[in-house]
Amino acid sequence: MKSHYDIAVIGAGPAGLAAALEAAEAGAEVALFDEQPGPGGQIYRAIENPAPAQTGILGEEYRQGRPLVEQLRGAPVDYLSGTTVWQVSAEREIGVSRNGTAQLVSAGQIILATGALERPFPVASWTLPGVSTVGGAQILLKTAGVVADGAVLAGTGPLLYLVANQYLRAGVSMAALLDTTPPGNRWRALRHLPGALARFDLLAKGQGWIRNIQRSGTPFIRGVTELSIEGDSRVAAVNFQTATGVRRRIETEHVFLHQGVVPNVNLSMAAGCDHEWDAAQICWRPQTDGWGETSLPGIAVAGDGAGIFGAQAAEHAGRIAALGALARLGRLSGENSHRRCKPHRLALARERKARPFIDALFRPGKSFRIPRQPDTLVCRCEEVSAGRIRETVAAGCAGPNQLKAFCRAGMGPCQGRFCGLTVSELIAEETGRPMAEVGYYRLRPPVKPLLLEELANLDSPAAE
């Protein structure tokens with residue numbers, strides 16, 4: 001690992017891979033930092049392992065990542081897997097930890113391609129062993145071929161149906177799919193349908209997933225308005241109620257929850273980039289210009305870390321960010337960068353056409369974003385309940401950062417990744433203030449756990 005690069009890309013999903021390849025093709029010295037053992041990010045995780053792709057279980061969407069990874073292996077990119085990035089400064093200094101050694105690396109330009117996180121889904125007993133996210137279930141399928149027979153999948157969003165289809169292709173039975181999509185979403189989404197028809201292929205694919213689930217005989221229960229998990233030392237059952245008043249209990253040892261994904265903004269926030277509240281996607285996202293550059297000169301964000309638009313859009317956004325970085329470095333003229341960028345902008349615009357419809361259709365219900373039961377845990381790391389947060393707000397706590405001092409919510413190892421949105425929405429609801437005013441946790445490096453030994457030896461010869 002060198003001490004300086006022309007362009008440093010953080011994250012090896014579709015946006016990061018595309019950005020690194022585009023920059024290297026122009027002759028820049030490029031580092032690609034990746035926390036995972038192999039490239040691909042979440043969407044193309046373990047793509048270099050041929051077994052899942054050959055069986056067809058994971059589908060065409062997964063196989064689309066193989067050409068990107070193959071190009072990376074033959075490109076002059078310093079690909080650094082198993083590397084944790086725990087700091088990015090406004091001066092474009094990157095703190096990394098690799099093989100037990102911490103190091104500071106500088107870069108002329110930085111592209112954050114940190115991708116997305118699954119939205120918190122705080123329901124009763126969601127921290128029990130046997131409960132995971134749908135994305136977590138997909139990771140096990142991709143990396144180890146491990147599945148959970150007889151699981152209950154619950155929530156809303158395209159990933160829920162995709163993973164259910166992957167389970168069906170793997171020959172795995174599901175106890176039920178509980179759809180928490182609010183019925184009124186369909187009417188609100190209709191006004192966005194004309195624009196979404198430009199991506200009729202995506203809409204048809206989603207409808208195909210739903211039809212496959214229904215034809216499989218899997219209980220597909222829509223209109224779920226209440227959901228709780230039951231168990232002592234581990235999951236024993238799921239209890240739910242529908243809008244029609246039907247109440248049921250399903251015994252199971254595994255529950256997979258999902259209600260959409262949101263940008264992973266911890267690193268961009270800790271760096272000091274300006275962020276804004278996106279009411280349509282119900283999340284925070286960095287403010288970026290047409291090249292992905294943030295409020296901090298020389299630091300760009302590409303892909304789902306700047307707003308959720310999917311893998312294909314992320315790839316084009318990564319190339320746009322790389323072309324912008326090359327132009328700022330003087331390696332491309334403004335005219336040349338605009339010319340090379342044009343096809344990617346057109347493709348990106350096409351990929352985004354369906355997003356307003358998808359965001360409106362799968363907007364998670366408020367009761368599932370903001371827990372009503374006072375004993376439901378919100379901050380898993382510090383075991384802070386919704387009731388405790390409400391009591392703290394009633395006592396005069398004005399925002400999430402003050403909340404840390406009152407009850408330690410958001411101070412655990414995840415640094416708010418599991419609770420940040422829920423905490424802010426709880427405060428907004430209790431105080432009657434908009435989310436943009438309530439704000440988010442004030443994040444500071446290190447954004448990931450770092451051994452004191454690594455920090456103490458940061459400037460030692462071994463770290464150089």
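**View 1. Lining of the second largest pocket in the predicted model.** The second largest pocket is lined by 33 residues, and R285, A306, G307, F309 and R352 are the ones nearest its centre. This is a predicted model. The space in the second largest pocket comes to about 570 Å³. Three helices, α11 (311-329), α12 (334-352) and α13 (355-361), each give at least two residues to the lining of this pocket. Of these, α11 supplies the largest share, 5 residues. Sorted by class, the lining of the second largest pocket holds 15 nonpolar, 7 polar and 11 charged residues.

**View 2. The largest cavity.** The structure has 3 cavities of 30 Å³ or more. Two or more lining residues come from each of β7 (116-118), β16 (261-263), β18 (283-286) and α17. The lining of the largest cavity is made up of 10 nonpolar, 4 polar and 3 charged residues.

**View 3. The largest nonpolar core and F33.** The largest nonpolar core contains 50 residues, and I10, F33, V88 and I94 have the most contacts inside it. Helix α17 provides the largest share of this core, 5 residues. Another core lies apart from it and has 43 residues, including V9, A322, L323 and L326. Which residues does F33 contact, leaving aside its neighbours within four places in sequence? The contacts of F33 beyond those neighbours are M1, A8, V9, I10, G11, A12, L80, T83, V85, I94, V96 and V105.

**View 4. The buried face of helix α4.** Helix α4 spans residues 66-73, and L68, V69 and L72 in this helix are buried. These residues are on the same side of α4, because they cover an arc of only 95° around the axis. The buried residues of α4 pack against helices α1 (14-25) and α11, and also against strands β2 (30-33) and β3 (77-80).

**View 5. Helix α16 and the residue that follows.** In helix α16, which runs over residues 400-407, the buried residues are P400, L403, K404 and C407. Viewed down the axis of α16, the buried residues fall within an arc of 110°, so they line one face of the helix. The partners against which the buried residues of α16 pack are β21 (384-385), α15 (386-394), α17 (420-431) and α18 (435-438). After α16 comes R408, which has a positive phi, near 70°.

**View 6. E425 in helix α17.** E425 belongs to helix α17. Is E425 buried or exposed? E425 has a relative accessible area of 8% and is therefore buried. Leaving aside neighbours within four places in sequence, E425 is in contact with I282, R369, I370 and M435.

View 7. Most residues other than glycine have a negative phi. R92 is not a glycine, yet its phi is positive, about 65°. R92 sits in the loop between β4 (83-88) and β5 (93-98). The relative accessible area of R92 is 23%, so this residue is partly exposed. N99 is likewise not a glycine and has a positive phi, about 55°. The loop between β5 and β6 (101-112) holds N99. N99 counts as exposed because its relative accessibility is 70%.

**View 8. The cis peptide bond between P445 and P446.** Most peptide bonds are trans. The bond joining P445 and P446 is cis, with omega about 0°. P446 is placed in the loop between α18 and α19 (452-456).

Note on methods: Residues are numbered from 1 along each chain as its sequence is written. This is a predicted model: local features need pLDDT of at least 70, side-chain atom pairs count only at pLDDT 80 or more; totals for chains, interfaces and linings use all residues. Side-chain values use heavy atoms; hydrogens and water are left out. On a 1 Å grid over the protein atoms alone, a cavity is a set of points where a 1.4 Å probe fits but cannot get out, and a pocket is an open set with protein on both sides within 12 Å along at least five of seven lines; lining residues have an atom within 4 Å of a point. Grid points are joined across faces, edges and corners, and a volume is the space filled by probe spheres set on the points. Helices (H or I, at least four residues) and strands (E, at least two) are DSSP runs, numbered from the N terminus. Ala, Val, Leu, Ile, Met, Phe, Trp, Tyr, Cys and Pro count as nonpolar, Asp, Glu, Lys and Arg as charged, and the others, Gly among them, as polar. Buried means under 20% relative accessible area, exposed over 50%, partly exposed in between (1.4 Å probe, protein chains only). The arc is that of the directions from the helix axis to the C-beta atoms. Contact means heavy atoms within 4.5 Å. A nonpolar core is a set of buried Ala, Val, Leu, Ile, Met, Phe, Trp, Tyr and Cys residues joined through side-chain atoms within 4.5 Å.
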